[in-house]
Amino acid sequence: MICDADVTSRSRAAVRSRAAVRSRAAAPALLLLGLLVALFPPSLCAADVAAVDSPGGVLRVTVAINGEGRVSYRVDRRGRAVVGDSRLGFILADAPKLERNFILVESTTQSRDSTWEQPWGERRFVRDRHNELRLRLRESKPPVPASAGRELTVVFRVFDDGLGFRYEFPEQAALRAVNITDELTEFALVDAATAWWIPAGEWNRYEYLYNTTRAAEVGQAHTPATFRTTDGLHVAVHEAALVDYSAMWLRRVEGTLFKATLSPAAQGARVKRSAPFVTPWRTLQIAERAAGLYMSDLILNLNEPNVLGDVSWVKPHKYVGIWWSLHLDTESWASGPRHGATTANARRYIDFAAANGFRSVLVEGWNRGWDADWFANGDSFSFTEPYPDFDLAVVADYARGKGVRLMGHHETSGFASHYEEQLGAALDLSARLGIEAIKTGYVADAGGAKFRDADGSFRFEWHDGQAMSRHHLLVVTEAAKRRIAINPHEPIKDTGLRRTYPNWVAREGARGMEYNAWGAPPNPPEHEANLFFTRMLSGPMDFTPGVLSLTGRNGQRFQSTIAKQLALYLVIYSPIQMAADLPENYARYPGPFQFIKDVPVDWQETLVLDGEIGDFVTVARKDRHSEDWYVGGVGDERPRTLSVALDFLEPGRRYRARLYRDGVTAHWDTDPHAILIEERYAMRGDRWQIPVAAGGGFAVRLEALP
Ligand code: NOJ
Ligand code: CA
């Protein structure tokens, strides 16, 4: 019978010849087919047409086409179903849906096992080991005459720790302009029990606390969204290489069946492209332990290699800035008596950076446009004109003289096209000033990213729609021409494009430290243990750690100990890390501040030692420029003891360890500043038990001895 036919063990040639036979179907065969269709209702009758295993045989992806010509895929891990039959396809705005009447024209496979080097990152060398299955699909009968025989290619890349698949729209007469209303891609998660997710399509972009719910209670979620099955398997759904396309949101249909839905467009179809083009990869990271999700390099591997050539000008570094005072509201972005960005204040921060080894100084509120309601007035921003009390030339000279650079700041209030109009001039000025990196910002409610069209009319787009995906790449590529790195806040989510554009160094795109200044509520103790296994699977975050004062606006108390602030430099990865507190606060805590001065930001290797989503995580990272290792861990609201096995150290070598851990009485609420700073010697094989307080964490520097 044609239902449940399995070709998984057949050769690629056999798959191809079967397809050829199908497309040359003769009259008797059609008669037989008619009979079979009558016996087995089409929707029930799916035949497996191709399959591919991951290189180590851990995962298997099987593709089926049912009697209606609908294409689906499913995923098994070591023989156990992880994703059940999940359909593929598209709704188009001006042509019939692309979802049925498909036959397989050709199926090919190829394998890859290569290692590539990151210019900067969590690890220097990344192994890309996968098997690829490429399926050429063609509509066998036209939905309408004009669209006869449209073709669509689906490509799967299957790794041992996950998979990606994408659609390719080949050049073809029957489908030139591709106007996508929505995707029909499904993820039928088998046995998913628990989900960690934030809502998509809501006003605060990605800045929500993570929900921990039953998987069957998810609404519409951003990705990465992370799931755990009843028997403890971890699955994260995300996407890679989001270029000139709308971001994928996950919409729960019923039970644990999820469907891709694309971030909307202000007008018309959500994605407007011309064939040929490829979609982003839809990704599933699959791991036994939560730690395995973060250890996966799947997202980077699915992105294209660096197109910028020599990127030695992208400098991983630590920075300070006129920033926390603005969030405390003791100084202002706006001009006037409380203006933070004055020449004198900038000099003070430059002196502080020079004295403590920070490479750059961020100055927010330096440029015209912050007065009145800047949230609503993106059109008032100039990206070239400083306020009169900020002498840009003098400050830049002063910084240069001290061996420090300015970090640029371009807040747009989401008025993207206004920024684009000034982009060239703004970047040219930045380059002349020796600025190496710019923090951009898009503060506007989701759905409020603004574009002025040629006829003067306005469009309001989503922060993660196709228009903004184009905008961000424009900024990144224009900046690259001037050897400048970009760090957007209120960004489009990360999908690994740092591999292709290594000057896209970090983003915000989650609730960062600023919520501890004014957030209601501030970030709870479990926040970073949630972020690590969700948002951080997508890429670096400019979290702005290191606020040792642990106090926000009007005395708001952080739900963090001081040791945890140090741990964040190791847990929340970014190649640019801020020391976010005020210089005067660092003067109050010289012991812990030493760790912030010492900790590197660029890594040779990263090992997640242990972790459970929302509970705790411990991570070890090896410095890219020395033999030293660093270990950090964060917990949640419960005190616990974290075990650290130092099995990663070089055999036979001694290390001097400086451990920064919660004091005996430490608790985020009652004694947040209690910290113990201890020195001990360490060798490979040592086992440490490190007590972590409620809201606590720890950080260790392991200096390799000669
Ligand atoms: C929000 C950003 O996250 C924050 O870092 C910045 O200070 C403000 N916008 C102003 O640009
Ligand atoms: Ca928890």
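This is a predicted model: local features need pLDDT of at least 70, side-chain atom pairs count only at pLDDT 80 or more; totals for chains, interfaces and linings use all residues.
Let's start with the rings. How many aromatic pairs does the structure hold? The count comes to 31. One of them joins W603 and Y630, with 5.8 Å between the centres and 65° between the planes. That makes the pair edge-to-face. W603 belongs to strand 30, residues 603-612, while Y630 sits in strand 32, residues 629-634, so this contact ties together parts that are 27 residues apart in sequence.

Elsewhere, ring pairs build up a cluster. Its members are W333, W370, W374, F375, F381, F383 and Y419.

Next, a couple of arginines over tryptophan faces. R507 lies over the face of W504, 3.8 Å from the ring centre. In the other case, R680 is placed over the face of W688, at 4.8 Å from the ring centre.

Now for the metal. Which residues coordinate the calcium ion, ligand 2? The donors are G614 through O, and D615 and D636 through OD, at 2.5 to 2.7 Å. Along the sequence, those donor residues follow the spacing G-D-x20-D. As for accessibility, G614 is buried at 2%, whereas D615 is partly exposed at 24%.

To wrap up, the two spots I'd have you open in the viewer are the W603 and Y630 edge-to-face pair and the calcium ion with G614, D615 and D636.

Technical notes: Residues are numbered from 1 along each chain as its sequence is written. Chains are lettered from A and ligands numbered from 1 in the order in which they are written. Side-chain values use heavy atoms; hydrogens and water are left out. Rings of Phe, Tyr and Trp (its six-membered ring) pair if their centres lie within 6.5 Å; planes under 30 degrees apart count as stacked, over 60 as edge-to-face and the rest as tilted. Helices (H or I, at least four residues) and strands (E, at least two) are DSSP runs, numbered from the N terminus. A charge sits over a ring if NZ of Lys or CZ of Arg is within 6 Å of the ring centre and within 35 degrees of the ring normal. Donors are N, O and S atoms within 2.8 Å of the metal (3.2 Å for Na, K and Ca); water is not among the atoms, so sites may look incomplete. Buried means under 20% relative accessible area, exposed over 50%, partly exposed in between (1.4 Å probe, protein chains only).
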